[in-house]
Amino acid sequence: DKNLLESNMEAIVMKHILESNKQIEAKKMADILNENINILSKEGNRDTGQFITPSEIDRIRNIFQATQGRYKSMDDRSIESFQKWILTHQYMATLPLVGLTALVEPLIILSRVSPRYALFGTIQALYNSLRRGLRTTFPKLKRGEAEKAFESIMQGFDPTFADRMGDISGVTVSRKVGNKFFRLVGLTTITQISRDMAFQATKMQMIADLKTIYKYGKDKPKQKTREYLDAQARLKEEGIINPYAQSLQEWVLNPSASKSDPEIVRKGLSKIVNNLIMAPNALNRPLWMSNPHLAFVSQLKGFMFTFFNAIVGRMYREIFRPLLQGRLPVSEIAKYAITFSLIVAASMYIQGWKDEIRYGKEKSPTDNLTGYEQLAKAIKGTNILGPAGLVIDAGNSGKYGSNFWEVILGPAASQIAKLGTAPFKGEKAMANELTNLVPFLSMLPAVNETRKKFRDSVESFIEKTVD
């Protein structure tokens, strides 16, 4: 088939199963939305008496269309194809070291679960990863119970990373090229291990929370302890409103009798895994990012907005809202302070790795920064500042040979602008920009000798062509 056809039959079957399941769930969601919209339009909200407005209805329907990849979809297939390959190239050109960056992400788990369960969850996930690796050599090695549990949710069942990069309705990256690239740079493996860490840790915390609720009995305790309230809040976030459901009690109190996790548990774990190891999608990023006509602008910004919306929103609920109400949430403040301190410290350490790979013995741009500037860069790199971080980058763009609008409009616009102006700057400038189009050569100055030879060859070719 000369690599033109997919020969992995298992992957093809699984793909069709997933797509069919998505269509079924989408139909259920559409029916529920239409039913509730009709009720709110005719009868209004039972508690407030307010009626839903036409603009709110349009907003809800647009978001639903975005989840199905049909929001403002493109009609011109040639433009769609052009965007697909430009976006794919930009991921490859700008993210060769993204696997190192992803190593920091699991630390956010500490903001959601006890450090004890975070540690045990990490150990279990690493053990699962080891078993998966051994299975490539020893295919008869059976899956453990923890592996089966993780694979029972979508994030564990489908490890491909392309979806996580933020597909946009009508425009996507090349799946085959994208998947191979992300596997090559280690991002697929690291992300899957991170998801497994989040899954195992959250599951342990969920079981502990349910046991805490059961300890106090079905009747609400007269004196609600912080332990009880925290367990109840976490369970509600996971979608467990009735912890005394028969299936949950059997799952926690008699685990040997449960062959698999209850559906409500799987859904709750899937939700939390998505919240911790974030996958930008139509529900957690601004709606305009689902517009295919703005695909170039939104590229690489999804994580920034998603992280900001999810984490800062949670910090507001758990820290700032209680402060405004006159309560000092000491434990939450300490939890987030420790989590973000570890993330910033790890980011600075990994930045050293990146600089070593990129520049070798040469002096890197980070070396020219003061300690305060390096700390500020690491804090901004966590995406805790959200869109403000983008504005800061745009404001400092002149220091790095770019301009404000190139940063705002995204890497594709920046690359197109540089290619457009290069011919007016001479053969050497044009050769530099064409060399920068080659993935890894443009982002890894450690291969300077190869880069120089390639650039000289391109420059020589341009000179001969012009002559």
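Glu227 is partly exposed, at 39% relative accessibility. On that scale, buried means under 20% relative accessible area, exposed over 50%, and partly exposed in between, with a 1.4 Å probe and protein chains only. This is a predicted model: local features need pLDDT of at least 70, side-chain atom pairs count only at pLDDT 80 or more, and totals for chains, interfaces and linings use all residues. Residues are numbered from 1 along each chain as its sequence is written, and side-chain values use heavy atoms, with hydrogens and water left out.

Back to Glu227. What does Glu227 form a salt bridge with? The partner is Lys215, with the closest N and O atoms 3.2 Å apart. A salt bridge here is a side-chain nitrogen of Lys or Arg within 4 Å of a carboxyl oxygen of Asp or Glu. The pair links distant parts of the chain: Glu227 sits in helix α10 and Lys215 in helix α9 (residues 187–216), 12 residues apart. Helices are DSSP runs of H or I, at least four residues, numbered from the N terminus. Lys215 is exposed, with a relative accessible area of 56%.

The whole structure has 14 salt bridges. Next, Arg112 and Glu238: their side chains meet at 2.9 Å, N to O. Arg112 is in the loop between α4 (98–102) and α5 (115–137), and Glu238 is in the loop between α10 (226–237) and α11 (246–253), so the pair ties together parts 126 residues apart in sequence. Both Arg112 and Glu238 are buried. A salt-bridge network links Arg112, Glu237 and Glu238.

Lys27 and Asp31 form a salt bridge at 3.0 Å, N to O. Both lie in helix α1 (residues 9–42), 4 residues apart, about one turn of the helix. Asp31 is partly exposed, at 38%.

On to packing. How do α9 and α11 pack? Their angle is about 105°, and their axes are 10 Å apart. Axes are lines fitted to C-alpha atoms over the stretch in contact, with angles from 0 to 180 degrees between N-to-C directions. The two helices, α9 and α11, are therefore roughly perpendicular, a label for 65 to 115 degrees. Contact means heavy atoms within 4.5 Å. Among the α9 residues meeting α11 are Met206, Ile207 and Leu210; the α11 side includes Leu248 and Trp251.

Last, Gln299. Its place is the loop between α13 (295–298) and α14 (302–324). Is Gln299 buried or exposed? Gln299 is buried, at 4%. Beyond neighbours within four places in sequence, Gln299 contacts Leu87, Gln90, Tyr91, Pro411 and Ala412.

How values were computed: Parallel < 35°, antiparallel > 145°, perpendicular 65-115°, else oblique.
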